[in-house]
Amino acid sequence: QLQLVESGGGLVQAGGSLRLSCAASGRTISSYNMGWFRQAPGKEREFVAAITWSSGTTAYAVAVKGRFTISLDNAKNMVYLQMNSLKFEDTAVYYCAGRQRDSTWTAGFWGQGTQVTVSS
């Protein structure tokens, strides 16, 4: 089992920044890939960014590359998403997720989500 709790969402003006945090707990945390997803009203959940706990390798959606940064704090079992140059279209509920290396995101573990609202 992997328990995930997100925090750090809120209301921000376009062009501003926010940092989302995800507290992870459970067994063998270092065997998981961690990611951030988002879901805007009326849209499907979409991939934002991912990082491999063991190596720190990252991947980003095209829409956020160059503006968002995913990172880990191994000592604190935390995952972060630094979001800069926010746009109105970044408005969504953001979810932290974890999956084992040989599994899928769908079959993984998910947090409850945190709302990010960007005003234009």
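1. A nonpolar core is taken here as a set of buried Ala, Val, Leu, Ile, Met, Phe, Trp, Tyr and Cys residues joined through side-chain atoms within 4.5 Å, where buried means under 20% relative accessible area with a 1.4 Å probe and protein chains only. The model is predicted, so that local features need pLDDT of at least 70 and side-chain atom pairs count only at pLDDT 80 or more, while totals for chains, interfaces and linings use all residues. Residues are numbered from 1 along each chain as its sequence is written, and side-chain values use heavy atoms, with hydrogens and water left out.

2. The largest nonpolar core holds 28 residues, of which Met-34, Trp-36, Val-48, Phe-68, Leu-81, Met-83 and Tyr-94 touch the most other members. Among the elements that give two or more residues to this core are strands S1 (2–7), S4 (32–39) and S9 (92–100), strands being DSSP runs of E with at least two residues, numbered from the N terminus. Strand S3 gives the most, with four residues.

3. Strands S7 (residues 68–73) and S8 (residues 78–83) pair in the antiparallel sense over six bridges, pairing requiring that DSSP finds at least two bridges between two strands. Asp-73 has Met-78 in S8 as its bridge partner, and in the turn of this hairpin, which has four residues between the strands, Asn-77 has a positive phi of about 55°.

4. Thr-57 lies in the loop between strand S5 (46–52) and strand S6 (58–60). Leaving aside residues up to four places away in sequence, Thr-57 touches Ala-50, Ile-51 and Thr-52, contact meaning heavy atoms within 4.5 Å.

Conventions. Buried means under 20% relative accessible area, exposed over 50%, partly exposed in between (1.4 Å probe, protein chains only).
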